Amino acid sequence: MIAAAWIALFAPAAAVVAIALGGTGITRSVAGFLAAGSALVSFVASVVVFAVLLGENPDERTHSSTLWTWLSAGDLKIGAEIQVDPLSVFMMLVVSGVGFLILAYAVGYMNGDAEERRYHAYKALFVFSMLLLVEAGNLVLLLAGWGMVGLSSYLLINFWHQRATAVAAGKKAFIMNAFGDATFVLAIFLLIQRTGSVEFDAVFRSDVVEHGSTASVLIALGLLGGAVAKSAQVPLHTWLPDAMEGPTPVSALIHAATMVTAGVYLIARTNVLFELAPDIQDLAGILGGVTILLAGLIALVQTDIKRVIAYSTMSQIGYMFVAVGLGAYGSGLFHLMTHAFFKALLFMAAGIVIHALSDEQDIRRMGGLGRAMPFTYRVFVVGALSLAAIPPFSGFFSKDSILGAAANAGTLGWILWTAGAIGAFLTALYTFRLLFIVFWGEMTPFAREHLHLKRFEGGLAMAWPVAILAVLSFFGGWLQVPWGWDLVNEWIDPVAQSAAEATGATLVFSVLASLALAVAGIWLAWRWYGRPSDVPERTRRRLPWAARTLERKFYFDEAYDLAFYEPASRKAIFLTQYVEQPLFLASLGELGSSVRAASRRLSSLQTGYVREYAFALAAGVAVLAIVFILVT
Amino acid sequence: MPGPGVAAYLILSVILFATGAFGVLIRRSPLIVLLALEIMLNAGNLALIAFARQTGTGTGQIFALTVMVVAAAEAVVGLGLIVAVSRRHVELDVDKLTTLRG
């Protein structure tokens with residue numbers, strides 16, 4: 001069983017090596033199939049592991065295996081160790097399953113790109129990193145996966161490296177993630193200092209870190225910093241929308257289904273440490289709540305189809321943060337799973353639209369595509385209904401599981417519930433705005449001119465993974481039904497005991513309220529965007545400052561520019577102008593020319609006459625002899 | 001101990017050395033310069049052997065023998081250089097060989 005887990009981990013790594021060594025010796029489609037096939041192998045192995053765990057006693061489902069001692073420093077030994085428990089298996093299934101579908105889709109999507117092989121290798125590398133992250137048996141190995149995930153996302157975001165914007169976006173993502181990595185590392189250092197170990201069970205069991213002590217707060221804060229950066233939560237969220245510069249399957253894989261949920265996984269994994277510092281856990285929930293609202297509002301005015309979905313990703317991860325911040329780990333992971341399904345679905349459907357319109361992403365130039373692309377339209381509707389949390393689509397069950405748990409979690413719970421409920425309204429509004437603008441109404445002249453379709457719209461290679469995801473988006477939520485069964489919670493509980501459950505009268509209220517808000521959102525979207533209307537235009541004219549604030553994304557980029565980039569760049573310019581230029585560059589030139597002049601003068605001593613050399617020697621010896629005589 | 005004392009030998013040695021050094025400095029023909037060099041070496045040898053005889057030890061003689069060996073080797077190299085120069089039809093004059101002027 002452990003062997004299967006190792007296979008799941010190393011299959012994508014083998015694919016990377018094979019593609020890299022194969023080089024031009026293998027065709028592009030073979031590279032694609034290698035990458036997708038390795039993800040499939042991982043998925044099958046994960047299913048095997050899952051099946052074995054299912055047959056075991058719920059309290060004995062944790063297994064670990066160490067291949068060798070990876071690092072050792074004094075008493076500290078860190079092994080190349082994986083841990084298989086319900087939480088990691090849950091993540092393995094999501095990562096490898098959704099990852100496989102996206103990699104398969106990418107074979108069709110990237111077909112014909114100049115550097116297709118490199119792309120598939122990067123994607124397999126990403127899946128490997130992500131599996132390493134979720135399977136790691138100690139914090140340092142988890143950090144290794146964490147960093148590699150950041151690296152592969154950097155490589156994939158600026159995959160089209162001839163585009164300056166893509167390179168800038170890649171750097172932005174990398175730097176923001178590096179900030180989170182740094183706080184994560186500091187937390188690990190502190191843990192090592194306190195507990196002398198990085199093993200999960202040792203760290204989580206040890207009572208060295210006191211409840212509510214400064215150390216526990218710092219550790220949780222460091223972990224939270226890493227989680228916030230990786231999961232694009234306020235205030236470290238600005239990299240995610242820009243990361244949409246990468247190819248669409250990348251957006252689906254990294255920025256929707258897997259990587260951005262790593263922060264949620266981290267908090268669920270280290271829940272013991274977060275419970276030692278309740279303030280920080282609350283902070284995680286509050287950041288999630290703020291992100292739900294900010295991202296939802298910004299998504300209302302975006303005009304790039306992928307950016308709308310990206311902001312919705314941030315907002316949905318906000319829900320997961322609310323859940324894990326309130327201790328409802330099962331609900332958070334449940335939403336993580338359903339979100340992976342429907343968000344990958346939405347991204348991939350958007351990818352088909354973008355492909356069909358010759359790489360156009362601006363929704364103002366789209367419209368009326370529903371009739372031309374019935375399949376894409378239908379799957380997009382499934383994804384949108386699921387995202388908007390309309391029953392019986394999967395998003396309904398998972399989102400209401402979170403909101404119901406929030407309603408049972410005290411005052412903070414109710415505050416976050418309010419944010420989540422408003423978020424539900426916003427989600428429905430921006431999702432259906434997108435749907436109506438892109439698929440309803442009349443075709444724009446641009447769309448009519450550029451639309452070109454293959455059979456099955458994007459081609460069969462792209463259609464079938466999308467179809468499977470549509471099915472999963474529909475049924476995926478039935479794992480956990482209110483007043484019915486609680487499969488996800490029961491599965492996760494041995495690893496991360498949920499502190500808040502969705503039950504009772506508050507759940508009824510919560511479900512009805514959020515459902516009403518979601519329907520209201522859809523209705524409003526229909527009133528404004530589903531038919532010719534001048535309301536959006538009039539609102540914009542009446543509230544120009546609000547529109548501007550949203551279009552500028554609450555000025556986060558500008559603020560960071562002002563706070564970090566501007567001072568640094570001004571300082572650098574100042575130092576160049578007043579220190580480097582006069583002091584170093586000028587003095588270097590001066591130094592060189594004076595040395596040259598001195599050596600020119602010195603070289604005239606070398607006359608080339610052997611006689612003079614001999615005389616110099618003889619004179620020197622004579623002087624020495626006289627000195628000797630005088631001294632002795 | 002018969003014969004003149006060590007001072008006489010040393011005076012001869014100084015005269016020989018000065019002659020050699022003077023020759024090296026003022027002559028232009030490389031052959032003569034080489035010859036003058038040999039005189040300087042032999043002046044040294046003479047002083048070594050004079051001291052060896054005064055102290056009655058063999059150390060100075062061994063030094064003198066070593067110097068002779070080195071002098072022979074040096075003469076070979078020096079004459080070889082002179083032959084090589086003359087083969088290139090360059091005038092044999094040390095003052096004309098000034099390629100290394102800085």
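This is a predicted model: local features need pLDDT of at least 70, side-chain atom pairs count only at pLDDT 80 or more; totals for chains, interfaces and linings use all residues.
Student: How many cavities of 30 Å³ or more does a search of the whole structure find?
Tutor: A cavity is a set of points on a 1 Å grid over the protein atoms alone where a 1.4 Å probe fits but cannot get out. Grid points are joined across faces, edges and corners, and volume is the space filled by probe spheres set on them. With the 30 Å³ threshold, the count is 2.

Student: Which elements give two or more residues to the lining of the largest cavity?
Tutor: Lining residues have an atom within 4 Å of a point. Here they include A:His237, A:Tyr311, A:Lys553 and A:Asp557. Helices are DSSP runs (H or I, at least four residues), and strands are E runs of at least two, numbered from the N terminus. The elements are α9 (239–242) and α26 (556–603) of chain A.

Student: How many charged residues are in the lining of the second largest cavity?
Tutor: The lining includes A:Val308, A:Ser312, A:Tyr430 and A:Leu434. Asp, Glu, Lys and Arg count as charged; Ala, Val, Leu, Ile, Met, Phe, Trp, Tyr, Cys and Pro as nonpolar; the others, Gly among them, as polar. The lining has 6 nonpolar and 2 polar residues, and the charged count is no residues.

Student: Is A:Lys553 buried or exposed?
Tutor: A:Lys553 sits in the loop between α25 (544–551) and α26 of chain A. Its phi is near 55°, positive in a residue other than glycine. Buried means under 20% relative accessible area, exposed over 50%, partly exposed in between (1.4 Å probe, protein chains only). At 19%, A:Lys553 is buried.

Student: Which residue forms a salt bridge with A:Lys172?
Tutor: A salt bridge needs a side-chain nitrogen of Lys or Arg within 4 Å of a carboxyl oxygen of Asp or Glu. For A:Lys172 the closest N and O atoms are 2.9 Å apart. A:Lys172 lies in α6 (residues 164–195) and its partner in α26, so the pair ties together parts 385 residues apart in sequence. The partner is A:Asp557.

Student: Which residue meets A:Arg269 in a salt bridge?
Tutor: The N to O distance is 2.7 Å. A:Arg269 is buried at 3% relative accessibility.

Student: Where is A:Pro392?
Tutor: A cis peptide bond joins A:Pro391 and A:Pro392, with omega about 5°. A:Pro392 is in the loop between α17 (374–387) and α18 (394–407) of chain A.

Student: At what angle do α27 of chain A and α1 of chain B pack?
Tutor: Axes are lines fitted to C-alpha atoms, for helices over the stretch in contact, and angles run from 0 to 180 degrees between N-to-C directions. Contact means heavy atoms within 4.5 Å. Among the contact residues are A:Phe615 and B:Leu25. The axes are 8 Å apart, and the angle is about 145°.

Key: Residues are numbered from 1 along each chain as its sequence is written. Chains are lettered from A and ligands numbered from 1 in the order in which they are written. Side-chain values use heavy atoms; hydrogens and water are left out. On a 1 Å grid over the protein atoms alone, a cavity is a set of points where a 1.4 Å probe fits but cannot get out, and a pocket is an open set with protein on both sides within 12 Å along at least five of seven lines; lining residues have an atom within 4 Å of a point.
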